[in-house]
Amino acid sequence: MTVKPSFNWLRLRRLWRPAPVRRHYDVVIIGGGIHGLATAYYLARTHGIRDVALLESHYIGFGGSGRNTAIVRANQRTAENVRLYDEGLKLWRTLTDELDFNLMFFNCGTLNLGHSEAAVNAFRMAASTHNHLGVKSELLDPQQCAELIPGLDISDRLAFPIHAGLYHPPGGVVRHDAVVWGLAKGAAAHGVHIHQGCEVQGIDTDGSRVTGVRTSLGTIRCNRLGIMAGGYGAAVAAMLGIELPIHPLTIQAMVTHPLKPFLHHVFSSGAYHVYANQTLKGEIATGAHMDPQVNYTNDATAYYLKHQAEALVELMPALRGVRFMRIWAGLADMTPDMAPIMEGHLGYDHLYLDAGWGYFGFKSGPVAGKYMADYMATGERPEMLKAFQLKRFLEGRYSGETAAVMKYGHWD
Ligand SMILES: Cc1cc2nc3c(=O)[nH]c(=O)nc-3n(C[C@H](O)[C@H](O)[C@H](O)COP(=O)(O)OP(=O)(O)OC[C@H]3O[C@@H](n4cnc5c(N)ncnc54)[C@H](O)[C@@H]3O)c2cc1C
């Protein structure tokens, strides 16, 4: 008896196919994360620049783009950051249609918990900035926080009792793998060549120009080069002797076994170094801890597992006894002010850099790619990117995002 397969696997189409490596491209982008992919996509789609190669040393999504906890929101602290992330948040729906690929955007809302008077004051300031810029954000009292997040302990029993929450309804989660695959599909459909297993080992220059890259697949020449290598961005820039104020730190995350749906929003606490949400599969995805020393490891640690379990159970005692199934880690490229660097003509004509996103780089991927594509296509810095120049560090004009993290805890 022959068994007829219920699903015809042969009819499955690949999202994109590898292309032969050419020895010259108009544009080469280093890094197959969401930033590199989005830039390549918008270069081809918006500007018609299709002679583009995206070079990835491992596989697309190997870096932070495939390791993050998928939280998206726009409630940053400073106006220039709020504007950028707000546009980024609005892009998810457009992209889902444009790419014809379900990115699984779930705008369930995010709640930041404050555990001190200082945190509540910072929330007030942040909420006024958000509302002034048309971004929804409101201050909740502890009782309202508990109504939003069932099981949240708002008693005085906590080492750091909850004073208030900053609720941001438009935030939520997007499926990170889907974003990587969707952008790769979209970029390839517009003619971009994606070369995986292609490590850039050196960068060639001639006077004030970058002329190409030396890779594990041979030399590739180009007219314009984009460095979008996430946690490895500073190391790639160092190939040209460019020293960036970026420190790669390891950040970890984990998921529990699946539970019946009960947690319908993302919550986070800076004081406890924890954020959590429930995935569509029912797991509690949680993270926040960052190793304090500069390193390039993607290894998780037992210390962190213990810290995360303790923090989660303190805030949500009902989770005691729930087991973690999986833990992983990735790199975060930290700048001194926790805002990114998006720069052009960096020491060389037509050398572009998009880096320093720390743990905010997933939510900003498509919007950063859109503006970096504008920059690379025209050579002119878009207005939106003026606040993110490298020279701000030399001029002492730091962005105020550090305070956003220290005061009210954005660890996602
Ligand atoms: C555990 C964790 C949780 C996080 N949670 C969130 C979150 O909830 N929300 C959020 O917004 N952000 C989050 N982030 C941060 C976010 O994931 C990153 O900021 C973002 O993915 C950066 O994207 P990218 O494209 O710049 O870099 P990456 O995704 O890191 O891509 C860079 C790519 O460059 C490649 N590369 C490096 N060197 C070379 C070379 N020499 N040649 C060729 N290729 C090279 C790497 O292999 C890598 O694939 C989290 C990060 C981690 C690790």
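**Domain arrangement, ligand shell and a helix pair**

In this predicted model, 19 residues of domain 1 are in contact with 10 residues of domain 2. On the domain 1 side, the residues that touch domain 2 comprise 11 nonpolar, 7 polar and 1 charged.

The ligand is surrounded by 42 residues, of which the closest are Gly33, Gly63, Gly230, Gly330 and Gly361. At least three residues of this shell come from each of domain 1 and domain 2. Among secondary-structure elements, α1 (34-47), β2 (52-56), β12 (247-256) and β16 (324-334) each contribute at least two residues to the shell around the ligand. By class, the shell around the ligand contains 18 nonpolar, 19 polar and 5 charged residues.

Helix α1 also packs against another helix, α8 (residues 365-378). The axes of α1 and α8 come within 7 Å and cross at roughly 55°. Angles from 65 to 115 degrees count as roughly perpendicular and those under 35 degrees as roughly parallel; α1 is therefore oblique to α8. The crossing of α1 with α8 is right-handed. Residues of α1 that make the contact include Ile34, His35, Ala38 and Tyr42, while those of α8 include Gly365, Pro366, Lys370 and Met376. The contact of α1 with α8 consists of 11 nonpolar, 6 polar and 1 charged residues.

Methods. Residues numbered from 1 in each chain as written. Predicted model: local features only at pLDDT ≥ 70, side-chain atom pairs only at ≥ 80, totals over all residues. Near = placed C-beta within 6 Å. Helix = DSSP H or I, 4+ residues; strand = E, 2+ residues; numbered from the N terminus. Nonpolar A, V, L, I, M, F, W, Y, C, P; charged D, E, K, R; others polar. Domains from an automatic or database assignment. Contact = placed C-beta atoms within 7 Å. Axes fitted to C-alpha atoms, helices over the stretch in contact; angles between N-to-C directions. Parallel < 35°, antiparallel > 145°, perpendicular 65-115°, else oblique. Left-handed = near helix turned anticlockwise from the far one by under 90°.
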